[in-house]
Amino acid sequence: MCIKESLRLHSIVSFITRNTEQNFKVLDKTIPRDTMTTILIYGLHHNPSVWEDSLEFRPERFSPENIDKINPFAYIPFSAGPRNCIGQNFAMHEIKVLLVKILNRFHLELDPNHDVKKFAGVVTRAENGIRMKAKLRIPGQCIHESD
Ligand code: HEM
């Protein structure tokens, strides 16, 4: 739930482009065939008419009770359709494994004196880094390079 909500709030791929193969109607406008369009994933994920309290981190949006209420095209961190991300499942597993390995061993805290600035380019990242303090959960535990 937390990973999914993070991928909504901090959409890693902020936009994708697609070429229309036929005339395409959006509300009262028609996008002609063969037009390069931009799908703003970051904008969709922050749109208050799609997501209630869109700027708030609320992992329960993705709880088993709520997940079915989400329109699959309202949440597209890995894009959607035939050219969606081929590495989606791998990426989700990788994030989970890394988080477990890190959080099992460390207690992390953001540096309160560092203001993280988000930069939403093609790939969203922190403009000035993310400074954190990592404390060993079990004091005195040694860190092996092979871990
Ligand atoms: C959190 C991590 C990731 C995110 C948010 C992500 C997101 C995306 C998105 C949005 C697209 C569509 C791009 C477009 O249509 O222009 C895409 C495509 C793709 N991704 Fe990922 N991706 C992630 C990780 C990975 C990983 C780990 C791999 C490979 C192991 C991967 C391989 C690919 C490939 C090959 C495509 C192109 C698929 C195609 O065009 O048919 N991605 N990804």
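**A loop residue and its surroundings**

Modeller: L27 sits in the loop that joins β2 (24–26) to β3 (29–31). Keep in mind throughout that the model is predicted. The backbone at L27 has a positive phi of about 50°, although L27 is not a glycine. Most residues other than glycine have a negative phi. L27 has 5 other C-beta atoms within 10 Å, and because the limit for exposed is 12 or fewer, L27 counts as exposed.

The next loop along repeats part of this description. D34 lies between β3 and β4 (36–39), and D34 too has a positive phi, of about 60°, without being a glycine. D34 is exposed because it has 10 other C-beta atoms within 10 Å.

E21 and D34 are 13 residues apart in sequence, but the distance between their C-alpha atoms is 5.6 Å.

The protein has 3 helices and 8 strands, and from the N terminus they run α-β-β-β-β-α-α-β-β-β-β. Of the contacts with a separation of 6 or more, 53% are between residues 24 or more positions apart.

The overall dimensions come next. The C-alpha trace spans about 65 × 35 × 35 Å along its principal axes. The radius of gyration is 19 Å, whereas a compact globule of 147 residues would be near 15 Å. Of the 147 residues, 5% count as buried.

α3 has 18 residues, of which the number buried is 0, so α3 lies largely in the open. From its first C-alpha to its last, α3 reaches 26 Å, close to the 26 Å expected at 1.5 Å a residue. N89 is part of α3 and counts as exposed, because it has 10 C-beta neighbours inside 10 Å. N89 and L99 are 10 residues apart in sequence and 15 Å apart in space, C-alpha to C-alpha.

C85 lies between α2 (41–45) and α3 (88–105), and an unreviewed UniProt entry lists C85 under "binding site". C85 has 15 C-beta neighbours inside 10 Å and so counts as partly exposed. Apart from neighbours within four places in sequence, C85 is in contact with F78 and S79.

C85, F78 and S79 also belong to the set of residues around the ligand. The rest of that set consists of I12, V13, I16, P77, R83, I86, G87, F90 and A91. By class the shell has 9 nonpolar, 2 polar and 1 charged residues.

To return to the part you asked about, L27 is a non-glycine residue with a positive phi, in the loop between β2 and β3, and it counts as exposed because 5 other C-beta atoms lie within 10 Å.

Note on methods: Residues numbered from 1 in each chain as written. Predicted model: local features only at pLDDT ≥ 70, side-chain atom pairs only at ≥ 80, totals over all residues. Near = placed C-beta within 6 Å. Nonpolar A, V, L, I, M, F, W, Y, C, P; charged D, E, K, R; others polar. UniProt positions renumbered as here; feature names shortened; annotations may be inferred. Helix = DSSP H or I, 4+ residues; strand = E, 2+ residues; numbered from the N terminus. Buried ≥ 20, exposed ≤ 12 C-beta atoms within 10 Å, placed from the backbone. Contact = placed C-beta atoms within 7 Å. Rg over C-alpha atoms; globule rule 2.2 N^0.38 Å. Expected span 1.5 Å × (residues − 1).
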